[in-house]
Amino acid sequence: MRPKVVGGLFAALLLGATALTGLTPGPIPYQARAENLFNHAPAEGFADLVEKVMPAVISVEVKFANVVSTDEDNNTPQFRLPPGLDDLPEDSPFRRFFEQFPDFRNNPQMPMPRDRRVMGEGSGFIISADGYAVTNNHVVKDADEVVVKTSDGREYKADVVGTDGKTDLALLKIKEGSNFAYVKFADKEARVGDWVIAVGNPFGLGGTVTTGIISARGRDIGSGPYDDFIQIDAPINRGNSGGPAFNLAGEVIGVNTAIFSPMGGGSVGIGFAIPATIAKDIVANLRDNGKVTRGWLGVQIQPVTDEIAESMGLGASKGALVSDVTKDSPASKAGIRTGDTVVSVNGTDVMEPKDLARRVAQIKPGEPVQITVVRDGKPTTLSVEIGTMPADVELGAAPESKPAPASLSSLGLSLEKNASGEGVTITTVESGSSADEKGLKAGDTILQLNGKEVSSVDDVRQELSAATTGGQKKILMLVRSGDRQRFVAMTVDKPKS
């Protein structure tokens, strides 16, 4: 896996997988039951708890077809290592050494068979007696063959039932066998400060256990549109990805997915797990349909910054500002408009754009919901029938404007009438100007100022003049960049006398 840099550290995806489910355990041998083993950290340790849950934790071994095999059809030179060295890792210095010599390219004396495979491993856990299990999507994506190994050393082949890249979850089904030990998800959400036990079976070693506490909830690490991770300080080792994080009752509270790691790798006590509340719904969708069906609203949204809140007369910088509405979408049919600020869904406050994205995605398509927006400074509640999210479409987030002060008397903009008659086109942006700092660029189109459409340079001048003479401190522009729209709030300065 290729690590992702976040704030100077790497959000390294762990190499492993685990199974999750919301099923109620039955009377099966070695059942990993969710009993109330403890209500506080036991002085004698966690051995009783681990003994209960360990039989359900698995190692996931994955084989992938080699995509770097020879290609005689297009005569592409292929790298071939000497016999006996063909299993060197891709980042091995010895591999890079041999790559420098042309004799090792397309050498018929050193063939590389087309069916050569690469391997991957991770952790997982079983969620039902008949062998359903869950792991991370990044562990089994594009897998040719999946084999799971239990803590007692037994091996089973497994099928990939379905995957969901947006939450990095996957559901497996063990092909043969029955009466598997399994665990269940916790019914209650974990709290910051709760004890957590991270269990994995990396590389088929037979199980690893670490303990700690939950450090935070609702973490966004930039891995996907629905990030809502639990942060734990229990060390998560490489190969534990997809493994379960347990509470003291032996219930799964999360699926271990990523760690923050320095350049050298390894755990520094900052790990992330997908909450059980999210995993339950995803797993149920994958089990029933083989894919995840999400609700769809059909809007582009952006954060409400302090500047935008002030320019729109909002009481606080919260909610999700609608910067564009998709034609014929559920939002369009319900009357949601560009410039509306979504502040609640079914009476529950929306604090930020990702909050709205997650909530809408979890709503069953066809279900009516009450969405409250602030329009022209007043709250309006609309009934919306949620649609089905089209493939590769999300509740879009418009690019954020850069929070920098701006003066309308020195914006650094040159404008001209748009040939289409819609808005005013920016022809030049002075480098270092306030417009430049806001991220505006030549070719962008200004569609509205303070909610009023503009179609000429004179329209823009009139709106700016009205804002200045009226003592307005902020003005709000609706700007189109390519196929995205966003609001940009700029400070109004009165002309010097």
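Student: To begin, what percentage of the residues of the protein chain count as buried?

Tutor: This is a predicted model. Of its 497 residues, 49% count as buried.

Student: How many helices and strands are there in the protein chain?

Tutor: The protein chain has nine helices and 29 strands. Among contacts with a separation of 6 or more, 66% are between residues 24 or more positions apart.

Student: Let us turn to strand β10. Where does Thr-208 lie?

Tutor: Thr-208 belongs to strand β10, which covers residues 208-219. The side chain of Thr-208 makes a polar contact of 3.4 Å with the side chain of Asn-240.

Student: Leaving aside neighbours within four places in sequence, which residues is Thr-208 in contact with?

Tutor: With those neighbours left aside, Thr-208 is in contact with Ala-198, Val-199, Gly-200, Pro-202, Asn-237 and Asn-240.

Student: And Gly-212, is that residue buried or exposed?

Tutor: Gly-212, also found in strand β10, counts as buried because its relative accessibility is 9%, and the cut-off for buried is under 20%.

Student: Which residues does Gly-212 touch, not counting those up to four places away in sequence?

Tutor: Gly-212 touches Asp-194, Trp-195, Val-196, Asp-233 and Ala-234.

Student: Changing topic to helix α4: what span should its 14 residues have?

Tutor: At 1.5 Å a residue, helix α4 (residues 276-289) should span 20 Å, and the C-alpha atoms at its ends are 20 Å apart, so the two values agree.

Student: Which residues of α4 are buried?

Tutor: The buried residues of α4 are Ala-276, Ile-278, Ala-279, Ile-282, Val-283 and Leu-286. They lie on the same side of α4, because they cover an arc of only 145 degrees around the axis.

Student: What follows α4?

Tutor: Gly-290 follows α4, and its phi is positive, near 75 degrees.

Student: What about cavities: how many of 30 Å³ or more are there?

Tutor: The count is one cavity of 30 Å³ or more. The largest cavity has a volume of about 50 Å³.

Student: Which residues line the largest cavity?

Tutor: The lining consists of Ala-186, Lys-188, Glu-189, Ala-190, Arg-217, Ile-230, Ile-253, Pro-275, Ala-276 and Thr-277. Of these, Ala-276 was mentioned above as one of the buried residues of α4.

Student: Finally, in which helix does Leu-464 lie?

Tutor: Leu-464 lies in helix α9 (residues 457-469) and counts as buried at 17% relative accessibility. The C-alpha atoms of Leu-464 and Ile-475 are separated by 8.0 Å, the two residues being eleven residues apart along the chain.

Methods: Residues numbered from 1 in each chain as written. Predicted model: local features only at pLDDT ≥ 70, side-chain atom pairs only at ≥ 80, totals over all residues. Heavy atoms only, no water. Helix = DSSP H or I, 4+ residues; strand = E, 2+ residues; numbered from the N terminus. Polar contact = N/O pair within 3.5 Å; in protein donor to acceptor, adjacent residues only side chain to side chain. Contact = heavy atoms within 4.5 Å. Expected span 1.5 Å × (residues − 1). Buried < 20%, exposed > 50% of the residue type's maximum accessible area, 1.4 Å probe, protein only. Arc of directions from axis to C-beta. 1 Å grid on protein atoms, 1.4 Å probe; cavity = no way out; pocket = protein on both sides within 12 Å on 5 of 7 lines; lining within 4 Å. Points joined across faces, edges and corners; volume = space filled by probe spheres on them.
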